[in-house]
Amino acid sequence: MLNKFGPSGHGEAQVQYLDGDFRVISPGTYVRCAVTDARIPLDELKYWSVDLQEAYAIPSAVLQRHFPGALKTQAEKP
């Protein structure tokens with residue numbers, strides 16, 4: 001909830017991703033993962049890119065976005 005007297009929003013939030021924090025620009029309850037398109041509740045948001053200004057649901061989504069071949073290489077190893 002951004003303001004206890006104003007609407008907190010129920011849809012997708014618009015967020016500015018900062019170093020170690022984020023700022024809600026437009027109220028909402030979630031953002032979408034840039035890789036999986038999964039909904040990420042704002043209170044569970046842990047992974048994002050300041051440079052790309054996008055959120056990620058899980059650590060493997062971060063790897064997939066920044067190092068696309070890394071997960072394939074690890075999966076192919078015995």
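Strands are DSSP runs of at least two residues, numbered from the N terminus. Y30 is found in one of them, strand 3, which covers residues 30-32. The model described here is predicted.

## Overall layout

The protein has 2 helices and 6 strands. From the N terminus on, the order is β-β-β-β-β-β-α-α. Of the 78 residues, 21% count as buried. The protein exposes about 5700 Å². Carbon and sulfur atoms supply 51% of that area. Take the contacts between residues at least 6 apart in sequence: 22% of them join residues at least 24 apart.

Strand 1 spans residues 14-18, and strand 2 spans residues 21-26. The two run antiparallel, and 5 bridges join them. Together they form a hairpin with 2 residues between the strands. G20 sits in the turn and has a positive phi of about 75°. Across the pair, Y17 stands opposite F22 of strand 2.

## Aromatic rings

The structure holds 2 aromatic pairs. One of them joins F22 and W48, whose ring centres are 5.4 Å apart. How are the planes of F22 and W48 set, and what is the pair called? The planes stand at 80°, so the pair is edge-to-face. This pair links distant parts of the chain. F22 belongs to strand 2 and W48 to strand 5 (residues 47-49), 26 residues apart. Ring pairs also bring Y17 into the picture, linking Y17, F22 and W48 into a cluster. F22 is partly exposed, because its relative accessible area is 21% and buried means under 20%.

In soluble globular proteins, nonpolar side chains tend to be buried together. The largest nonpolar core here has 11 residues: A13, V15, Y17, V31, C33, I40, L42, L45, A55, Y56 and A61. Strand 1 and strand 6 each supply at least two residues of this core. A61 is in contact with C33, V35 and Y56, leaving aside neighbours within four places in sequence.

L42, another core member, lies in the loop between strand 4 and strand 5. L42 counts as buried because its relative accessibility is 16%, under the 20% limit. Leaving aside neighbours within four places in sequence, L42 is in contact with A13, V15, F22, V24, G28, T29, Y30 and V31. G28 is 14 residues away from L42 in sequence, and their C-alpha atoms are 8.2 Å apart.

## Back to Y30

Is Y30 buried or exposed? Y30 is buried, with a relative accessible area of 11%. Its contacts, leaving aside neighbours within four places in sequence, are H10, G11, E12, A13, R39, I40, P41 and L42. Y30 and V15 are 15 residues apart in sequence. In space, they are 9.6 Å apart, C-alpha to C-alpha.

## A buried glutamate

E54 lies in strand 6, residues 54-56. E54 is buried, with a relative accessible area of 15%.

## Loop residues with positive phi

D37 has a positive phi near 65°, and D37 is not a glycine. Its place is the loop between strand 3 and strand 4 (39-41). Q53 is not a glycine either, yet its phi is positive, about 55°. Q53 is found in the loop between strand 5 and strand 6. D37 counts as partly exposed because its relative accessibility is 48%, a value between 20% and 50%. Q53 is partly exposed too, with a relative accessible area of 35%.

## Accessibility in one view

The table gathers relative accessible areas.

| Residue | Relative accessible area | Class |
|---|---|---|
| Y30 | 11% | buried |
| E54 | 15% | buried |
| L42 | 16% | buried |
| F22 | 21% | partly exposed |
| Q53 | 35% | partly exposed |
| D37 | 48% | partly exposed |

Definitions and conventions. Residues are numbered from 1 along each chain as its sequence is written. This is a predicted model: local features need pLDDT of at least 70, side-chain atom pairs count only at pLDDT 80 or more; totals for chains, interfaces and linings use all residues. Side-chain values use heavy atoms; hydrogens and water are left out. Helices (H or I, at least four residues) and strands (E, at least two) are DSSP runs, numbered from the N terminus. Buried means under 20% relative accessible area, exposed over 50%, partly exposed in between (1.4 Å probe, protein chains only). Contact means heavy atoms within 4.5 Å. Accessible areas come from the Shrake-Rupley method with a 1.4 Å probe; for residues, only the protein chains shown count as cover. Two strands pair if DSSP finds at least two bridges between them. A nonpolar core is a set of buried Ala, Val, Leu, Ile, Met, Phe, Trp, Tyr and Cys residues joined through side-chain atoms within 4.5 Å. Rings of Phe, Tyr and Trp (its six-membered ring) pair if their centres lie within 6.5 Å; planes under 30 degrees apart count as stacked, over 60 as edge-to-face and the rest as tilted.
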